[in-house]
Amino acid sequence: MDYRVCIQAAGRGSRVISASSTNKALLPVRHQAVLSHIIRKFPREVEIVIAAGHLADHLRDFLTLAFPDRKITLQVVANFDGPGSGPGLSLLCCRPLLLCPFIFVACDTLVLEEIPPPTEDWIGVAPVADPERFLVARCDRGRVARLFDKWSSDRIAGAGASATQAMENAFIGLAGVRDHRSFWSALARDESLIGGERQVSLGLNGLIEGGLKTVRFTWFDTGTEESYRETAAHFEAHDSLPKPGEFLYFEDDRVIKFFADQRRCENRAIRAAALGEFGPRWLGRHGHFYAYRFVPGQ
């Protein structure tokens with residue numbers, strides 16, 4: 001089917017110390033950016049929209065080097081950390097590009113399973129230990145009956161729902177939206193804030209009556225320093241020692257390096273020009289990133 005994908009990468013990622021020098025979507029996991037892992041979950045012909053705000057130029061420069069042949073549009077979110085900001089507002093900023101069935105995914109969400117197309121309305125879920133940090137669902141035979149956004153167990157129970165069941169159905173920041181008209185109408189109509197932010201649950205509420213189902217995933221979170229380190233440790237075949245202000249990526253047949261100090265990229269470009277044919281094929285430099293062709297060796 002014809003659909004689009006929206007990756008939400010506008011926030012500062014202040015809970016991830018490792019991302020202090022760049023956008024958290026560019027944190028490496030198994031020597032690829034988290035953003036790359038997400039993009040490669042979808043067919044090459046699917047158009048991708050990225051909600052960008054904090055260090056949007058880093059995202060643009062990385063994507064230029066890593067995915068020159070894919071159709072990716074950056075939609076800049078002006079208010080990405082002020083009053084009323086949040087994932088709901090970021091999605092609304094992308095609305096003109098998503099007037100069709102679409103999938104949206106947070107840039108700190110990784111899953112092992114294949115991601116189904118939005119042939120119906122669905123949310124990705126996984127179990128959590130504490131519902132108060134998450135959007136959780138009360139379900140009836142695989143369909144969402146009600147959503148609780150950052151409610152405590154006692155409050156959920158007071159509303160006549162099972163907190164234990166809700167904790168098994170926590171939203172992981174991944175959803176498929178077939179009925180985009182109902183989603184956008186609900187999200188635009190409700191301007192209330194939850195935790196000081198505009199949340200995507202406001203739009204998802206508009207899909208419940210039409211039959212919003214849950215899809216269970218094996219979920220890895222990179223949204224906090226602790227969860228990022230746990231995710232990286234799970235996927236790494238061996239321990240590696242990250243260097244402060246420096247990341248290394250292997251993206252298909254190219255090697256990409258990031259330096260927080262842009263002058264180091266400039267100096268590497270000068271050195272590559274001097275080495276000429278005695279170095280790997282230079283593929284270009286954009287801002288804090290440069291790339292060269294991967295060369296197998298021993």
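Guide: Let's go through some ring pairs and the terms that describe them.
This is a predicted model, where local features need pLDDT of at least 70, side-chain atom pairs count only at pLDDT 80 or more, and totals for chains, interfaces and linings use all residues. Residues are numbered from 1 along each chain as its sequence is written, and side-chain values use heavy atoms, with hydrogens and water left out.

Visitor: Why is the pair of Phe247 and Phe258 called stacked?
Guide: Rings of Phe, Tyr and Trp (its six-membered ring) pair if their centres lie within 6.5 Å; planes under 30 degrees apart count as stacked, over 60 as edge-to-face and the rest as tilted. Here the centres are 5.8 Å apart and the planes sit at 25°, so Phe247 and Phe258 are stacked.

Visitor: What makes the pair of Phe258 and Phe289 tilted?
Guide: Their planes meet at 45° and their centres are 5.1 Å apart, so that pair counts as tilted. Phe258 and Phe289 are both buried (under 20% relative accessible area; exposed is over 50%, partly exposed in between, with a 1.4 Å probe and protein chains only).

Visitor: Which residues form one aromatic cluster?
Guide: That's Phe62, Phe247, Tyr249, Phe258 and Phe289.

Visitor: How do you know that Arg155 lies over the face of Trp151?
Guide: The rule asks for NZ of Lys or CZ of Arg within 6 Å of the ring centre and within 35 degrees of the ring normal. Arg155 is at 3.8 Å from the ring centre of Trp151, and it counts as lying over the face.
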